[in-house]
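Please read them with the structure open.

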Amino acid sequence: MKANLKNLSRTAVLFAAVTAVAGSIGHSTAFATDPENPYWPCVQRKVPHISAGMMWGGPLVDESDRSWRKDGEVRDLVQTLSSRRVPIEEAQERIDGYANTLSDGKQTKLTVLFTGLLSHTNAERSDIIAGIEKFARRQIALAKRIKETAAEANKLQSKSDATVEELKRAQELDEQLLWDTRVFDEREQSLTYVCEVPVLLEQRLFALARQLATHLE
């Protein structure tokens, strides 16, 4: 038994739509525009590491120093101040409260606190950046699959006749293309927010560093 795939208007219309999507994938944010970072899909420039000099105008900071972890109060404060769930205004007030309790060695202790904030922020940003690049790889793989599925659908659709098995396969492709393009589009829409997170962390650290600086001698 054979059936004419040209009568499957839904598949034909879907293929036309997917072909358009697949044709534009080369310009998608799923493909990086920076040759040095082929899996970086964001408009924002990739900054893998924040250096102390970018944020801090106080005493010299040893970024490899992990002594802040040994101070329970500083360690807890770093966790609190770094949390995006804590409004920046509240975080700044906490910095003021901590700084006002210090007397001897105030400048050193505030520098240690900044070192902890810098270390924590860099670790969090590294995880997020790795996640974004993993996301980009998945999008590239999905884009490739969409193109391949669309090509197979087109091959079946272009036939003047088809077997029952081919007709069933065309319907399966129909469903697969609908699902894959939906997933691709939804991921693309979420990418805008995801790409902003490293920048938001950088901005938060800068605001905290400025607040610390108001208490330096």
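**Notes on the predicted model**

1. Among contacts in the protein with a separation of 6 or more, 83% join residues 24 or more positions apart. Of the 217 residues, 40% count as buried.

2. Layout. The protein has five helices and two strands. Along the sequence the pattern reads β-α-α-α-α-β-α.

3. Main core. The largest nonpolar core has 26 residues, and Leu81, Leu113, Phe114, Leu117 and Leu212 touch the most other members. Helices α2 (72-82), α3 (88-100), α4 and α5 (164-213) each supply at least two residues of this core. The largest share, five residues, comes from α4.

4. Leu113. This residue sits in helix α4, which spans residues 106-157. Leu113 counts as buried because its relative accessibility is 0%, and the cut-off for buried is under 20%. Setting aside residues up to four places away in sequence, Leu113 touches Val74, Leu77, Val78, Leu81, Tyr98 and Leu212. Take Val78 from that list: Leu113 and Val78 are 35 residues apart in sequence, yet their C-alpha atoms are 7.0 Å apart in space.

5. Leu117. Which residues does Leu117 contact, leaving aside its neighbours within four places in sequence? They are Val78, Leu81, Ser82, Leu205, Leu208 and Leu212. Val78, Leu81 and Leu212 are also among the contacts of Leu113.

6. Second core. There is a second, separate core of 10 residues. Its members include Cys42, Ile129, Phe135 and Cys195. Two of these names, Cys42 and Cys195, return in the next point.

7. Disulfide. The structure holds one disulfide. Cys42 and Cys195 form it, with their sulfur atoms 2.0 Å apart. Is this disulfide left-handed or right-handed? The torsion about the S-S bond is about -75°, so the disulfide is left-handed. The pair links distant parts of the chain, 153 residues apart. Cys42 lies in the loop between α1 (9-24) and α2, whereas Cys195 lies in helix α5. Cys42 and Cys195 are both buried.

8. Cavity. How many cavities of 30 Å³ or more does the structure hold? There is one. The largest cavity has a volume of about 50 Å³. Its lining is made up of Leu81, Ser82, Thr121, Glu124, Leu201, Arg204, Leu205 and Leu208. By type, the lining divides into four nonpolar, two polar and two charged residues. Helices α2, α4 and α5 each supply at least two of the lining residues. α5 gives the most, with four.

9. Phe206. This residue lies in helix α5. Is Phe206 buried, partly exposed or exposed? Its relative accessible area is 38%, so Phe206 is partly exposed. The C-alpha atoms of Phe206 and Met54 are separated by 8.5 Å, although the two residues are 152 residues apart along the chain.

How values were computed. Residues are numbered from 1 along each chain as its sequence is written. This is a predicted model: local features need pLDDT of at least 70, side-chain atom pairs count only at pLDDT 80 or more; totals for chains, interfaces and linings use all residues. Side-chain values use heavy atoms; hydrogens and water are left out. Buried means under 20% relative accessible area, exposed over 50%, partly exposed in between (1.4 Å probe, protein chains only). Contact means heavy atoms within 4.5 Å. A nonpolar core is a set of buried Ala, Val, Leu, Ile, Met, Phe, Trp, Tyr and Cys residues joined through side-chain atoms within 4.5 Å. On a 1 Å grid over the protein atoms alone, a cavity is a set of points where a 1.4 Å probe fits but cannot get out, and a pocket is an open set with protein on both sides within 12 Å along at least five of seven lines; lining residues have an atom within 4 Å of a point. Grid points are joined across faces, edges and corners, and a volume is the space filled by probe spheres set on the points. Ala, Val, Leu, Ile, Met, Phe, Trp, Tyr, Cys and Pro count as nonpolar, Asp, Glu, Lys and Arg as charged, and the others, Gly among them, as polar. A disulfide is a pair of cysteine sulfur atoms within 2.5 Å.
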